[in-house]
Each structure stands twice: as structure tokens, then as C-alpha cells.
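Work through the exercises below with the sequence and the 3D structure at hand. Try each task before reading its solution.

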Amino acid sequence: GRNEEAIEAFDKALEVEPDHAGAWYGRGLALSGSGRNKEALSAFNKALELNPINEYALSQRNELVKQLEDND
């Protein structure tokens, strides 16, 4: 329930280590929890770029793509 705080924490972590796939994934979850789905999709895509076998990021990404398509 503290998504905005989580986003800020992940942003700080990514300043230190911009290629940390787990931080991108966590940021995506927090963004999604805040209803910022387009930004979340971007974060999940970055997580998958860095770690293509992250099944959790892939699942979250696919769910967001479906939601965004349904809303168009």
C-alpha cells in the first residue's frame, strides 16, 4: 500500500545500479500498484531486457499488455 515510497526507493537503487533487473521488476510492481500501467510496462520490459528468463516479469508484462489492449 506504500507504492509511491517503493517507487522512490527503487529509483534510488537504480541510480546506484541501473542494470539491476530485480529493481526494475520491483519498480514495475510498485508502478502497477499505483495505477501507472504504461510506466510499469516500461519497467517490466527493462527487467526482461536485463534478465530475459524472469518469468515473474514476463507474466506481469503480459498481464499489463492485455489490460492496456482491453482499455483501448
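**Exercise 1: accessibility along a salt bridge**

At 57% relative accessibility, E49 counts as exposed, where exposed means over 50% relative accessible area, buried under 20%, and partly exposed in between (1.4 Å probe, protein chains only). The model is predicted: local features need pLDDT of at least 70, side-chain atom pairs count only at pLDDT 80 or more, and totals for chains, interfaces and linings use all residues. Residues are numbered from 1 along each chain as its sequence is written, and side-chain values use heavy atoms, with hydrogens and water left out.

Task: Find the salt-bridge partner of E49 and describe how the two residues are placed.

Solution. 
- Step 1. Apply the criterion: a salt bridge is a side-chain nitrogen of Lys or Arg within 4 Å of a carboxyl oxygen of Asp or Glu.
- Step 2. The side chain of K46 meets that of E49 at 3.3 Å, N to O.
- Step 3. E49 and K46 are three residues apart in helix α3, so about one helical turn separates them.
- Step 4. K46 has a relative accessible area of 24% and is therefore partly exposed.

**Exercise 2: the other salt bridges**

Task: State how many salt bridges the rule gives, and identify the pair that links distant parts of the chain.

Solution. 
- Step 1. The count comes to five salt bridges.
- Step 2. One of them joins R2 and E5, with the closest N and O atoms 2.6 Å apart. R2 is exposed at 60% relative accessibility, and E5 is partly exposed at 46%.
- Step 3. Another joins E4 and R36 at 3.2 Å, N to O. This pair links distant parts of the chain: E4 lies in helix α1 (residues 3-16), and R36, 32 residues away, lies in the loop between α2 (21-33) and α3.
- Step 4. E4 has a relative accessible area of 41% and is partly exposed; R36, with 26%, is also partly exposed.
- Step 5. A network of salt bridges links E4, R36 and E39.

**Exercise 3: the chain as a whole**

Task: Which elements make up the chain, and how does its radius of gyration relate to the globule rule?

Solution. 
- Step 1. Helices (H or I, at least four residues) and strands (E, at least two) are DSSP runs, numbered from the N terminus. The chain has four helices and zero strands.
- Step 2. The radius of gyration, taken over C-alpha atoms, is compared with 2.2 Å times the number of residues to the power 0.38. The chain has 12 Å, close to the 11 Å given by the rule for 72 residues, so it is as compact as a globular protein of that length.
- Step 3. Along its principal axes the C-alpha trace spans about 35 × 30 × 15 Å.
- Step 4. Of the 72 residues, 31% are buried.
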